[in-house]
Amino acid sequence: MLRLTVPAAFGAGVGVGLGAQRLLSSSPAEFARMSGSSIAGSQAAPWITDFLNAAYYRRDPGARAVDDLRLAFSIVTTRWYRLGGRRLRATDVVPFHLAFGRDRLTGGAQSRRGTLNRTQLLAGGARLLGDWFPEAYGDAARRGWGIAFPSASDKDAYDPSLRIGLVRLGPLAPPGEAGAKQVFHTYPPVEVPAAEPVVGALAKPETWPDYASSIGRFTPLRPGGLANQTFEIEVAAGTHAGAPVFQRGYVTITRVASQEDEADLRAYVDDANAGLADNGDAPGVPDGATPVFAFDLTCHEGHFLGAGRNRLLLYEQEGRTYVRAIGTWDEMPWHIASAYALAGREAQHAFWGQGEIPELSMLHQIVQVLTSG
């Protein structure tokens with residue numbers, strides 16, 4: 001089991017670096033500014049982290065379920081939206097304490113004191129948000145962007161750009177600008193049940209929070225589909241010790257390639273494979289495999305791994321279907337490279353599927369969600 005024992009960061013969905021205590025003390029102010037979530041003020045971070053701890057990180061390992069963590073995030077995000085989209089404050093802890101405090105104090109058959117099991121999370125969500133919440137959370141027609149809505153029409157009325165208004169989004173920062181040396185790396189492919197449902201899931205950005213792992217989540221910030229979509233990435237480490245520290249960054253989909261234009265898709269794959277070959281890596285899409293779908297996630301300036309891009313590729317080979325990531329980034333600034341060298345490479349690989357640890361891997365979470373329902 002991969003041990004995430006100190007705070008981490010990963011960029012463009014590309015890398016997770018550990019050792020954030022060193023980062024927080026030595027990196028530029030930009031890194032500190034990007035800590036936590038855009039929907040919460042700094043004074044709200046302690047009680048939100050405590051709530052997420054109770055829902056997941058400090059539960060006994062055998063009692064944890066990643067969807068309980070997604071449920072806890074949804075409770076927080078739904079509360080943010082129903083308060084009008086302003087940042088959560090320190091005083092917002094009071095309604096949470098009234099809704100969940102008694103269950104945390106008494107514990108239960110499936111949760112030790114101080115933690116919350118799924119039944120308690122749903123019951124507390126109903127007390128905090130309304131009796132409609134438990135059923136709405138379980139209904140895909142009333143859940144999106146990590147938020148549960150009272151009705152499908154309420155979901156249709158939601159404007160995800162409400163959240164982007166809370167952030168200072170810098171310009172795109174792709175790798176290789178000004179002749180910078182690029183680093184390419186690919187991660188082990190993750191087998192998926194079939195291409196069509198995975199493409200369908202990825203093509204609906206509002207569902208991406210449904211595939212969050214215990215160390216990373218993507219929330220879309222613009223209306224519409226994948227093209228030009230911007231995501232807020234929230235990452236966590238210190239999770240093994242039950243003391244998560246959250247960091248965020250922003251990426252935008254800058255290219256989408258599919259079988260609708262096979263020449264473009266082939267050119268996309270050939271370019272990615274050529275970069276990997278120059279870096280001494282094996283092809284991202286093996287010889288003889290059939291590419292199905294691919295897209296770029298490009299960093300924005302101020303991202304805590306600097307200039308970078310992540311590619312996600314779906315392909316078929318010998319009757320089976322796989323999805324894998326290819327990361328491309330400029331040589332990292334020293335303060336990030338130092339932390340990344342400690343254990344970031346292992347965490348980065350785990351997020352994209354190496355080691356097949358489902359709770360850490362977004363790609364494995366996609367498979368689990370699609371096959372479970």
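**Briefing: helices, strands and cores of a predicted model**

Glu318 is found in the loop between β11 and β12; helices (H or I, at least four residues) and strands (E, at least two) are DSSP runs, numbered from the N terminus. This is a predicted model, in which local features need pLDDT of at least 70 and side-chain atom pairs count only at pLDDT 80 or more, while totals for chains, interfaces and linings use all residues. Residues are numbered from 1 along each chain as its sequence is written, and side-chain values use heavy atoms, with hydrogens and water left out.

**The chain as a whole**

- The protein chain has 13 helices and 12 strands.
- Of its 373 residues, 56% are buried; buried means under 20% relative accessible area, exposed over 50%, and partly exposed in between (1.4 Å probe, protein chains only).
- Among contacts in the protein chain with a separation of 6 or more, 67% join residues 24 or more positions apart; a contact means heavy atoms within 4.5 Å.

**Nonpolar cores**

- A nonpolar core is a set of buried Ala, Val, Leu, Ile, Met, Phe, Trp, Tyr and Cys residues joined through side-chain atoms within 4.5 Å.
- The largest nonpolar core holds 39 residues, and the members that touch the most other members are Phe51, Leu52, Ile75 and Phe100.
- At least two residues of this core come from each of α3 (45-57), α4 (66-82), α5 (93-106), α6 (118-129), α7 (133-137) and β4 (147-148).
- Apart from neighbours within four places in sequence, Leu52 contacts Tyr57, Leu69, Ala72, Phe73 and Phe246.
- A second, separate core has 37 residues, including Leu202, Phe231, Ala325 and Trp352.

**Helix α11**

- Helix α11 covers residues 262-278, and its 17 residues should span 24 Å at 1.5 Å a residue; the expected span is 1.5 Å times one less than the number of residues.
- The buried residues of α11 are Leu265, Tyr268, Val269, Ala272, Asn273, Gly275 and Leu276.
- Seen down the axis of α11, these buried residues fall within an arc of 155°, so they line one face of the helix; the arc is that of the directions from the helix axis to the C-beta atoms.
- Ala263 and Asp278 are exposed residues on the face of α11 turned away from its buried side.
- The cover over the buried residues of α11 includes β5 (182-186), β9 (245-258), β10 (290-299), β11 (308-317) and β12 (320-330).

- β10 is mostly covered, with nine of its 10 residues buried.
- β9 and β10 pair in the antiparallel sense over seven bridges; two strands pair if DSSP finds at least two bridges between them.
- Across this pairing, Val256 stands opposite Phe295 in β10, and Ala257 stands opposite Ala294 in β10.
- β10 also pairs with β11 in the antiparallel sense, over eight bridges, and the bridge partner of Leu297 in β11 is Asn310.

**Asp296 in β10**

- Asp296 lies in strand β10 and counts as buried because its relative accessibility is 7%.
- The side chain of Asp296 makes polar contacts with the side chain of Tyr268 (2.4 Å) and with the side chain of Arg309 (3.5 Å).
- A polar contact is a pair of N or O atoms within 3.5 Å; within protein, one must be able to donate a hydrogen and the other to accept it, and residues adjacent in sequence count only if both atoms are side-chain atoms.
- Not counting residues up to four places away in sequence, Asp296 touches Thr252, Ile253, Thr254, Arg255, Tyr268, Arg309, Asn310 and Arg311.

**Thr321 in β12**

- Thr321 is found in strand β12 and counts as buried at 7% relative accessibility.
- Thr321 and Thr290 are 31 residues apart in sequence and 9.4 Å apart in space, C-alpha to C-alpha.
- Beyond residues up to four places away in sequence, Thr321 touches Val190, Glu191, Val192, Ala194, Ala195, Leu314, Tyr315 and Glu316.

- Most residues other than glycine have a negative phi.
- Glu318 is not a glycine, yet has a positive phi of about 55°; at 77% relative accessibility, Glu318 counts as exposed.
- Trp145 has a positive phi near 60° and is a residue other than glycine.
- Trp145 lies in the loop between β3 (143-144) and β4, and is buried, with a relative accessible area of 13%.
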